[in-house]
Amino acid sequence: MQQSKETAAMAVTDAPPTHPELDQALRDLRAGADRWAALPVPDRAQVFREVFDAVAGVAREWAETAARAKNIPDGSVLAGEEWMSGPYVALESSAAYARAYEAMARGRSPVDGLPMRAAPGGRTAVRVLPRTAQEWVLFHGFSAEAWLPPGVSPEQVRREAGLDAGTVGTSGGVGLVLGAGNISSIAPLDAFYELVAAGRTSLVKLNPTFAGLLGVYEKALAPLIRIGAVRVVNGDGAVGAYLTGHDDVDKVHITGSRATHDTIVWGRGDEAARRRAEHDPRLAVPITSELGGVSPIIVVPGRWSDADLRFQAEHVATMRLHNAGHNCIAGQMVVLSADWPQKDAFLAELRRAFERLPAREPWYPGSADRIRDAVAAHAGAETINGRVLLESTGDDPACDTEYFAPVLAWRQLPGAGAEFLRAAVSFANERLEGTLGANVVVDPAARKAMGAAFDEALADLRYGTIGVNAWTAVGFNLAGATWGAFPGNTLEDVGSGIGVVHNGHLLAGPERTVVTGPFREFPRSVAGGEFSLFPKPPWFAGARTAATTGERLTRYAAAPSWSRLVAVLAPAFRA
């Protein structure tokens, strides 16, 4: 498809586009949607193979540019975060969609070959990790399942998987993707999903924090840009406001804050109040969203060694401190048993983790104000190495406010074992803002002692991704997993958002993803009775070889082989 002069001009400048340029981009995308609708399924697979190659070709530039956007010094181990949450995820995602198209082109379901089992509450669970022998080695000890709602049979899962990806001849129209400003893979992945799941082309407006990535995205998404399936632009709130009200936009997807979502849907002030009362949104088209929230970290009491306490304290600290705390899925509320004899020892280790992990200045706009607000609102809040640790009463701003900064709260509840877990699940479901992700830390002996009660508690935990001994962000990085809030939110009460993205096997109506990892790192895992050879995870805040591991992991994803897999494992075991 030939680019117009206006659209071509947008591709060579970082300046915000003018209204005529945006109008032309949307017209190009309308034509691109018609072209995509006519494209045979095998050709769609080929396009995503080309995207995969384009991402691989720009991976280093992508990771380094994202690191500069976050003020990460050259040579810092923190660069590993940008490799793993940027080009690596985009490679895995584009490959997953290509495989899904290839399966459908052969007359198969995208879930064919995936093991399924019965999950609590009459649910079907589809195992999405490990998928291959190499994944089994690379993520040894980790597994992930996508759970369907109660009553959905395995046969129905297979029959309905694919969504609109295999539909030829019907256009999904043009969408607007309002990109996030914290993780560099989010905007491209959202555009991928719009195209694959709905046949919808996308105008991607970048968050101003990632304005410098425009050129990288244009290279990585060149195969989609070339056929009119995607356009990427910079722009501020005024550009976003113009586009959300544009007649040529058929649907909006946003990753951001609930406040921004509600402004788009309802407006501000008196207008918003009136429109809500009259059920009259100002946004005239559908909107999906991923809006974050206050993510719990439920620590189930057990008999832990000193090494367990140190390891899991660093694990919990990582859930908050990764990306300087600027993650929608960052753990924010640690839920502890008041009756756990080791509660104080664990809190002491958590303080030590805050002290020893590398200091990092928050870089996301508004962080300093949010940190000040947290300290001011919670008596006794501790500031440790620039990070805040505070005790929550269960009725304070830490339960309702996503701080999006290095602020970690803890709350104690009575009980032990299954009794404590049920109370913690109830607290998370009923008191904490949002339903995007929840974490559960439990040692193997305590989990075994609870038996079926543990799995039942997981089923009761109303979150879109649940991590058991694995931070829920691992689910974000898995192309086959689903990502989004727990189903049931509405425009009036949007919570953590509406809809899912990622979903590389194109499951229809998924409920959640459950990621499970080892309680201990290798070799302590094996000594403790877990069959897991996974070392300290490279995403841990204290992983000394994170940059090397992240780069090699991305190289492996670009050209998987056993030799490249070994090259990933070598630095990982030195973390």
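This report covers a nonpolar surface patch, the setting of one threonine, and the cysteines of a predicted model. Local features need pLDDT of at least 70 and side-chain atom pairs count only at pLDDT 80 or more, while totals for chains, interfaces and linings use all residues. Residues are numbered from 1 along each chain as its sequence is written, and side-chain values use heavy atoms, with hydrogens and water left out.

Phe 522, Val 526, Leu 533 and Phe 573 make a nonpolar surface patch of about 320 Å². Patch residues have over 30% relative accessible area and no salt bridge, and nonpolar side chains are joined within 5 Å; a salt bridge is a Lys or Arg side-chain nitrogen within 4 Å of an Asp or Glu carboxyl oxygen. Areas are Shrake-Rupley values with a 1.4 Å probe, and for residues only the protein chains shown count as cover. Leu 533 sits in the loop between helix 22 (524-527) and helix 23 (546-558).

Thr 124 belongs to strand 2 (residues 123-129); helices (H or I, at least four residues) and strands (E, at least two) are DSSP runs. A polar side-chain atom of Thr 124 lies 2.6 Å from the backbone oxygen of Val 152. Beyond four places in sequence, Thr 124 has contacts (heavy atoms within 4.5 Å) that include Trp 147, Val 152 and Pro 154.

The accessibility classes are buried (under 20%), exposed (over 50%) and partly exposed in between.

| Residue | Relative accessibility | Class |
|---|---|---|
| Leu 533 | 38% | partly exposed |
| Thr 124 | 4% | buried |
| Cys 328 | 11% | buried |
| Cys 399 | 0% | buried |

The whole structure has 0 disulfides, a disulfide being two cysteine sulfur atoms within 2.5 Å. The sulfur of Cys 328 has its closest cysteine sulfur in Cys 399, 19 Å away, which is too far for a bond.

Conventions. Patches are made of residues with over 30% relative accessible area and no salt bridge: like charges are joined within 9 Å, nonpolar side chains (Val, Leu, Ile, Met, Phe, Trp, Tyr) within 5 Å. Buried means under 20% relative accessible area, exposed over 50%, partly exposed in between (1.4 Å probe, protein chains only). A polar contact is a pair of N or O atoms within 3.5 Å; within protein, one must be able to donate a hydrogen and the other to accept it, and residues adjacent in sequence count only if both atoms are side-chain atoms.
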